[in-house]
Amino acid sequence: MRLTRRHPLLVAVPLCALAVLAARPTDGGGDGPYAPGHGPESGAGAQVARLYKEAAAATLKYETGRRQAGRQRAEVRRLEKLLDRERQESEVLRDDLGRIARSQYRSGGGLPLTAHMILADDPEEVLRGQRAVWKANLTLDNAIEKNARAEARLARDEARAEGAWKALEKRNKELADLKSGIGQKLDTARWQLQGQADASVAAGSCRGAVRLDQPETGFTESWVAPVETYVLSASYGSGGARWANRHTGQDFAVPIGTPVRSVGMGKVVKVSCGGAFGIEIVVEHTGGYYTQYAHLAAVAVDQGERVSPGQWIGQSGTSGNSTGPHLHFEVRVTPEMGSAVNPVSWLAQRGLTL
């Protein structure tokens, strides 16, 4: 089962600058006082990963809340329609009550009928008069009672509708605050992580592997996309002012701190900080191919470590010669630059379509 997916992201489409014009990235031996994967742990990277999990949980809660809000909104609309009918019925009842009251007023109530019965010579006529008085009074009493019930029901349903609207507004505000709060914390942590990455690149010294609490993936395929959610930007072979020749990889536009995955089973043969690629990882796969993951903000593996398909090996960033947050992904026939092949075609040959 293929678990990758593509959705638009509100991120700038960055240009990945491969440094044929600049110095080659430093290898493990030039990383300063800390060998790759053995420096002080970056708390920002772990924090970003945790916030991604919180954001996922918040998103689930947000979507659940939105569905509940949708049902609540439908209930509010139902109550509004009910209120419209009840208001119309109340108007009719008030009109009926007014008509009956006016009729009683014009006839003087039951007095003319009583006088008529007293003066009548026919007993049947007296009984008919009594029934007429009784029906008139009963009609008036029923109309008054029915109107009172309608008014009470209308007042109760108006209160219910008002309460439903207030609850809906409160829920929507809570959801907006939830979304905004996670977004602000995540954005702050991302740029803190990127700041640490920039310092590592400037010093040519990796901070060390940040062991991320990766969730269970359950991949059944041998090959996966290097990031889960993305927008493809600069492609293999494309030209641009920032490259000496042609672009040698495929760029994935993703926010800083996005978990970067090994596309397949392999061995980490290079973890480097510094140079045009910024923080980069190179993984060797069967068949003599290598995959490179560049412009990272943090690494999550050590050089020499074995990795499996979909395993988090780092976090995306904009380190090195980069104009915006993205992952530069490259497939090579050697560990070093200059031997790149089309990564999209290479993955497609292995059953993975980006």
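I began at Arg350, which lies over the face of Trp223, 5.7 Å from the ring centre. I noted the rule: a charge sits over a ring if NZ of Lys or CZ of Arg is within 6 Å of the ring centre and within 35 degrees of the ring normal. Arg350 also lies over the face of Tyr289, at 5.2 Å from the ring centre.

This is a predicted model, where local features need pLDDT of at least 70, side-chain atom pairs count only at pLDDT 80 or more, and totals for chains, interfaces and linings use all residues. Residues are numbered from 1 along each chain as its sequence is written, and side-chain values use heavy atoms, with hydrogens and water left out.

Next I looked up ring pairs and found five aromatic pairs (Phe, Tyr and Trp, its six-membered ring, centres within 6.5 Å; planes under 30 degrees apart are stacked, over 60 edge-to-face, the rest tilted). Trp223 and Trp346 have ring centres 5.1 Å apart and planes at 80 degrees, so I logged the pair as edge-to-face. Trp223 is buried at 17% relative accessibility. Buried means under 20% relative accessible area, exposed over 50%, partly exposed in between (1.4 Å probe, protein chains only). Trp346 is buried too, at 3%. Tyr230 and Phe252 are also edge-to-face, 5.1 Å centre to centre with 80 degrees between the planes. Ring pairs join Tyr230, Phe252, Tyr293 and Phe329 into a cluster.

Last, I searched the whole structure for disulfides (cysteine sulfur atoms within 2.5 Å) and found one. It joins Cys206 to Cys273, S to S 1.9 Å. The link of Cys206 and Cys273 is right-handed, with 110 degrees about the S-S bond. Cys206 is buried at 1%, and Cys273 is buried at 2%.
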